[in-house]
Amino acid sequence: MRAMQFISTGEPLHLTEVPTPTAAEDQLLLTVEACAVCRTDLHLMDGEVEIKDPPRTLGHQIVGIDERGDRFGVPWLGWTCGTCSFCVAGKENLCPNAKFTGCDIDGGFADEAVVDRRYAFPLPKDQPAEQLAPLLCAGLIGFRCLSFTGEATNLGIYGFGAAAHVITQVAVHQQRSVFAFTRPKDTEAQAKASELGATWAGDSEQQPPEPLDAAIIFAPVGELVPKALAATKPGGTVVCGGIHMSDIPSFPYELLWHERTIKSVANLTRTDGEEFLPLAAEIPIRTEVTTYPLEQTNQALDDLRHGRFTGSAVIVL
Ligand SMILES: [Zn+2]
Ligand SMILES: [Zn+2]
């Protein structure tokens with residue numbers, strides 16, 4: 001089968017012919033239908049998130065069909081030990097022994113993938129696979145971020161990419177007001193935010209027209225943390241949703257004072273998937289996707305890096 005493999009930092013992925021893997025009893029062999037591209041894939045290729053044992057097939061938002069004809073979705077968290085103190089306490093997202101799809105385990109930029117049954121979520125078959133794929137990371141991690149904003153009515157979202165597209169729809173469905181912050185002058189993303197129901201859309205240099213109850217930062221830009229704190233009410237939370245972020249510059253204590261909180265979100269739990277995926281189907285969430293064949297995976301990654309599309313890039317097999 002074909003696979004797009006990471007060999008070393010700073011190089012494009014290599015299209016390689018590899019043996020079709022076989023599934024153990026606790027695994028599923030999926031014929032991949034689609035796999036969405038994520039900013040984490042760029043962090044992996046750039047060495048900001050380490051791949052310990054290359055070569056490795058990337059791709060961690062997999063939609064595929066098993067040998068019985070059922071459809072499953074596979075996220076970033078691909079395996080946990082089940083016995084450490086974090087796993088036992090229901091915090092499997094923090095398991096120190098965890099293995100991640102498309103990082104420690106071969107992922108979905110390939111014709112087939114072997115996955116842990118515990119981390120394969122059932123998906124409906126009545127929607128196109130490429131529409132579902134972005135829900136598995138952008139959607140799930142975004143949903144986990146949203147859950148940490150509590151009852152926030154005025155919700156700020158910084159960085160209007162794939163996760164923001166999905167989470168704006170969830171927040172609007174929950175009757176929250178979304179204030180969308182994009183890169184300066186990105187009027188296309190601002191228009192998209194308004195179209196998805198955002199109350200206000202502007203750039204990250206601006207102050208929102210009303211103070212925020214909470215903010216989520218999806219952009220990997222540390223400078224946004226003090227900006228978001230400055231826009232957030234006393235007692236509010238700023239949630240950082242990325243796996244990697246540039247350094248947060250120093251800022252006056254006054255911005256944090258009055259019980260504001262900064263929180264990072266790491267990975268996901270199966271409970272997040274069990275809550276979010278049925279909700280996404282019920283709303284229903286619409287994802288905007290740009291599709292690429294497997295052999296153009298590097299083009300998709302490059303287009304993501306340079307912000308050449310809105311929504312998500314998805315590799316379709
Ligand atoms: Zn991801
Ligand atoms: Zn564990």
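**Figure 1. The largest nonpolar core of this predicted model has 96 residues.** Ile 157, Ala 180 and Ile 217 have the most contacts inside this core. A nonpolar core here is a set of buried Ala, Val, Leu, Ile, Met, Phe, Trp, Tyr and Cys residues joined through C-beta atoms within 7 Å. Buried means that 20 or more other C-beta atoms lie within 10 Å of a residue's own, with C-beta atoms placed from the backbone. Domain 1 (2-137 + 267-316) and domain 2 (149-264) both contribute residues, so the core lies between them. Domain bounds come from an automatic or database domain assignment. As background, nonpolar side chains tend to be buried together in soluble globular proteins.

Residues are numbered from 1 along each chain as its sequence is written, while chains are lettered from A and ligands numbered from 1 in the order in which they are written. Because this is a predicted model, local features need pLDDT of at least 70 and side-chain atom pairs count only at pLDDT 80 or more, whereas totals for chains, interfaces and linings use all residues.

**Figure 2. A closer look at Ala 180 and the residues it touches.** Leaving aside residues up to four places away in sequence, Ala 180 touches Ile 157, Phe 160, Ala 164, Thr 168, Gln 190, Ala 193, Ala 198 and Ala 201. Contact means that the C-beta atoms of two residues, placed from the backbone, lie within 7 Å.

**Figure 3. Where domain 1 meets domain 2.** Here 15 residues of domain 1 are in contact with 12 residues of domain 2. On the domain 1 side, α1 gives the most, with 3 residues. By class, that side has 5 nonpolar, 6 polar and 4 charged residues; Ala, Val, Leu, Ile, Met, Phe, Trp, Tyr, Cys and Pro count as nonpolar, Asp, Glu, Lys and Arg as charged, and the others, Gly among them, as polar. The C-alpha centres of the two domains lie 26 Å apart.

**Figure 4. Helix α9 (residues 297-305) and its buried residues.** Helices (H or I, at least four residues) and strands (E, at least two) are DSSP runs, numbered from the N terminus. Thr 297, Ala 300, Leu 301 and Leu 304 are the buried residues of α9. Down the helix axis they fall within an arc of 100 degrees, so they line one face of α9; the arc is that of the directions from the axis to the C-beta atoms. Their cover includes β1 (2-6), α1 (39-45), β17 (289-293) and β18 (312-316). Just after α9, Gly 307 takes a positive phi of about 60 degrees.

Key. Buried ≥ 20, exposed ≤ 12 C-beta atoms within 10 Å, placed from the backbone.
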